[in-house]
Amino acid sequence: MCGICACIGNLNAVKYVLDGLKILEYRGYDSAGISYIENKELKTIKSVGEICNLEKKVKGIFSNVAIGHTRWATHGSVTEDNAHPHLSFNKGIAIVHNGIVENYKDLKDKLNNVKWHSQTDTEVFVNLVAEKEGDLLEKLINASKEISGSFAVALLDKDGNIVFGKRESPLYIAHINNGVMAVSDTYVLCDLAEDFYTLNDNEFAKINGNGIFFYDKNGKKIIKNKEKMQNFNKNNEIFEKTHMKSEILETKKVLIETFKNYKNELLFSSIKLPKKFEEIELIACGTAYHSALQGAEYFKKIGIPSHAYIASEFRYGNEILNKNALYIFVSQSGETADTIACAKMLKEKNMTCLALTNTPNSYLNKICENVLPTFAGKEIAVASTKAYSCQVFVLYLFSLYLSGKFKESEKEILDFLKNFPLLDINNGLVDKISNFEKIFFIGRGQDYITALEGSLKLKEITYINSFAIASGELKHGTLALIDKKSIVIAICTEEKIKEKLFSNIEEVKAREGSVLLISNFPSSFESLILPTFPTALMPIISIIPLQFLALHMCEKLGYNPDKPKNLAKSVTVE
Ligand code: M6R
């Protein structure tokens, strides 16, 4: 969360930073700001809300050095005072920060002569830097020794020096035409640079007209290797009014693209499995956790013990590690802090790790020795849609590969892709569902997982309180909530649990609850009928109408589905 961007060179750095922030806006859009040098003075401009507000304020400004920030609020509400960059007490240093200074209260107490202008942890950081001895880099290195927590920071002083430091939060630096740029995400650099450097934890850097210089935590110069920029495959070819709509509509295309890349099984055969391969554990957050759950179902079906874990729980839990397990980290961005922390922890313990990500160059890819990419193209809307479908699909393909049934399933998969239905939900149904006070999603087995994902989509972009429950659990408590103000969206794609689910629906109806069934099985209930494909592939079909439902309800309420309040696309703090 939060995006930072810095630029120096024979160019208008303010423009480059602003353009970079626009690309990084998915990391937070509470406020934005830029610091730059003009007439030998350090100047700062900030604004609350989206980058376009800042853009109006910086129009016409030229400077060959600038740093900028787009904020997802952690400490302090959404105000201009709390927006970055923050200045040191003597106004000589500006900072932009992605991360959390966990001990900021203690540090604030120590810096008792400072007059504070914000409630942020970042203002504490810059003042700690300002009171240290030495040049800007030495000051930063010394200050960072006292910081607990995470940071990717860029600091600009009034003499035009820019320095960086990193611990946990991402930071990438690259030469661009006529200058140097540093950013939170290689997205920004894709069209500007052919290669880049990744700043590792506890490394520091400075950039100036002569180039990029790297230092370790003791200030000793280090040499780093460049990495080749890998680009996204160009799948973003549908341009609807919102990214979310375009991205749902791109699902079929990106599934086809994904299969093209896996068809020859090379990506699977290059995976280094543990010597004595016993189980698969999947770790992820949010929507990616739901695909991890589907993945665990696929692996269990072929006889491999498997579990899915929420990364923030796994990280501090008491899970027993198994040297013979393959640990799969599922993440669209490859930048999610909790998922990364788990991967690092397991790597340190010599476990076999695999990153399943949609983002070339991502930090998660670097940590894990194995990578399975999804080929969903850039996903910009905060609500994950096409990336989820590709994650589930790749996990399914991997289960086929492990069971030795990949080749024999090819025809079936090609047929699925050729006839993949992007099932929308009609206005009448959307209007009907909108009238209910309480919205529940139910299912069993794989459909319960789809219910979880459908409910998350709805909450995320409509702010309507809904939740998902395994339908067999209804009568163990939740049924008490069902009345005529409730609608239950039931998903059913598995023959073996069909009758059980239908009985649960009857129980809802008996309490005057309304029901919409999403299923490929005929019934007497009001239904949205799905076409029938192999059962394991049905979750990739049944999630689509739920994604559309969330989207249409969001549109009806007049919200922007791409930038839901309080959220950001990449969750880079824990
Ligand atoms: O980039 P990741 O897949 O690691 O992100 C994990 C979650 O933050 C993400 O899936 C989140 O739940 C989405 N906004 C859901 O639509």
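Colleague: By class, how many nonpolar, polar and charged residues does the lining of the largest cavity have?

Modeller: First, this is a predicted model: local features need pLDDT of at least 70, side-chain atom pairs count only at pLDDT 80 or more, and totals for chains, interfaces and linings use all residues. Residues are numbered from 1 along each chain, and side-chain values use heavy atoms, without hydrogens or water. A cavity is a set of points on a 1 Å grid over the protein atoms alone where a 1.4 Å probe fits but cannot get out; lining residues have an atom within 4 Å of a point. Here the lining has 3 nonpolar, 7 polar and 2 charged residues. Among them are Cys2, Trp72, His84 and Asp121. Its volume is about 70 Å³.

Colleague: Where does the second largest cavity lie?

Modeller: Domain bounds come from an automatic or database assignment. Domain 1 (3–228) and domain 2 (243–418) both line this cavity, so it lies between them. Tyr26, Gln332 and Lys569 are among its lining residues. It holds about 40 Å³.

Colleague: Which residues touch the most other members of the largest nonpolar core?

Modeller: A nonpolar core joins buried Ala, Val, Leu, Ile, Met, Phe, Trp, Tyr and Cys through side-chain atoms within 4.5 Å. Buried means under 20% relative accessible area with a 1.4 Å probe, protein chains only. This core has 80 residues; Leu282, Leu372 and Phe441 are among those touching the most other members. Domain 2 (243–418) and domain 3 (427–556) both contribute, so the core lies between them.

Technical notes
On a 1 Å grid over the protein atoms alone, a cavity is a set of points where a 1.4 Å probe fits but cannot get out, and a pocket is an open set with protein on both sides within 12 Å along at least five of seven lines; lining residues have an atom within 4 Å of a point. Grid points are joined across faces, edges and corners, and a volume is the space filled by probe spheres set on the points. Ala, Val, Leu, Ile, Met, Phe, Trp, Tyr, Cys and Pro count as nonpolar, Asp, Glu, Lys and Arg as charged, and the others, Gly among them, as polar. Buried means under 20% relative accessible area, exposed over 50%, partly exposed in between (1.4 Å probe, protein chains only).
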